[in-house]
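These notes are meant for someone opening the model for the first time.

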Amino acid sequence: MNNQNSTITKLAETALLAALCYVAFTFLQIKIPVPGGDATSIHIGNAFCVLGALLLGGWYGGLAGAIGMTVADLMDPVYITGAPKTFVLKLCIGLITGLVAHKIAKINESTDKKYVFKWSVLASVAGLAFNVVADPVVGYFYKQYILGQPQKMAEVLAKMSAMATFVNAVISVILVAVIYNAVRPVLIKSHLLVVGRRKQVS
């Protein structure tokens, strides 16, 4: 019964974070028009995907980002064609962040605030660094071979996407570091996050 309740709680939290991803991307973005009627943007949607991975684990956090931002793409005529790419990349951000935070560092077994802060930042950087590289590279091939855009245009769009993605990553890492490490003690105190003790690593 406890496992069932835990799963239901995680699914509810995933839905909440997916909604935050949607809202952050849709309403808190600076859209940058690019040639060919396409666009890139400065946004903080990825921050909530990473936050979800830190709080809930890679799969749940990745799904929150993938679902929330894919729905956002589907609701915007400018981004609708990129929705499949968005789903895959956001899921990967969550999985990589979760891998570093929970499989390597095991932050949910630590009560050392400095240790948790360090690894929450490193995990965020890992997930978002992947996106900085993968988003323009995957975008280039996706636009050229799936959407049929000319090579030169795909190259220009990839370069602009790389710059915007890097800015988004820096903003998101800072935002996640602040939010996660502020919210974590509250969640522990309210028993929404269970933390076990482990031998600390210096």
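1. Gly61 touches Cys49, Gly52, Ala53 and Gly94, leaving aside residues up to four places away in sequence; contact here means heavy atoms within 4.5 Å. Gly61 itself lies in helix α3, where helices (H or I, at least four residues) and strands (E, at least two) are DSSP runs numbered from the N terminus. Gly61 counts as buried because its relative accessibility is 0%; buried means under 20% relative accessible area, exposed over 50%, and partly exposed in between, with a 1.4 Å probe and protein chains only. Between the C-alpha atoms of Gly61 and Thr14 there are 6.7 Å, although 47 residues separate the two along the chain.

2. On the source: this is a predicted model, in which local features need pLDDT of at least 70 and side-chain atom pairs count only at pLDDT 80 or more, while totals for chains, interfaces and linings use all residues. Residues are numbered from 1 along each chain as its sequence is written, and side-chain values use heavy atoms, with hydrogens and water left out.

3. Two packed helices are described by the angle between their axes and the distance between the axes. For α2 (residues 45-56) and α6, the angle is about 35° and the axes are 9 Å apart. Axes are lines fitted to C-alpha atoms, for helices over the stretch in contact, and angles run from 0 to 180 degrees between N-to-C directions.

4. Which residues meet where α2 and α6 pack? From α2 come Asn46, Ala47, Val50, Leu51, Leu54 and Leu55, and from α6 come Ser172, Leu175, Val176, Ile179, Tyr180 and Leu187. By class, this contact has ten nonpolar, two polar and no charged residues. Ala, Val, Leu, Ile, Met, Phe, Trp, Tyr, Cys and Pro count as nonpolar, Asp, Glu, Lys and Arg as charged, and the others, Gly among them, as polar.

5. On a 1 Å grid over the protein atoms alone, a cavity is a set of points where a 1.4 Å probe fits but cannot get out; a pocket is an open set with protein on both sides within 12 Å along at least five of seven lines, and lining residues have an atom within 4 Å of a point. Grid points are joined across faces, edges and corners, and a volume is the space filled by probe spheres set on the points. There is one cavity of 30 Å³ or more, and the largest cavity holds about 460 Å³. Its lining has 30 residues, with Ala39, Thr40, Tyr79, Lys85 and Asp135 nearest the centre. Helix α6 gives the largest share of this lining, seven residues. The lining of the largest cavity has twelve nonpolar, twelve polar and six charged residues.

6. The largest pocket has about 540 Å³ of space. Of its 20 lining residues, Glu13, Leu55, Leu56, Leu192 and Leu193 lie nearest the centre. Helix α1 (2-27) supplies the largest share of the lining, seven residues. The lining of the largest pocket divides into twelve nonpolar, six polar and two charged residues.

7. The second largest pocket has a volume of about 160 Å³. Its lining includes Ser110, Asp112, Arg184 and Val195. Here α6 gives the most, with four residues.
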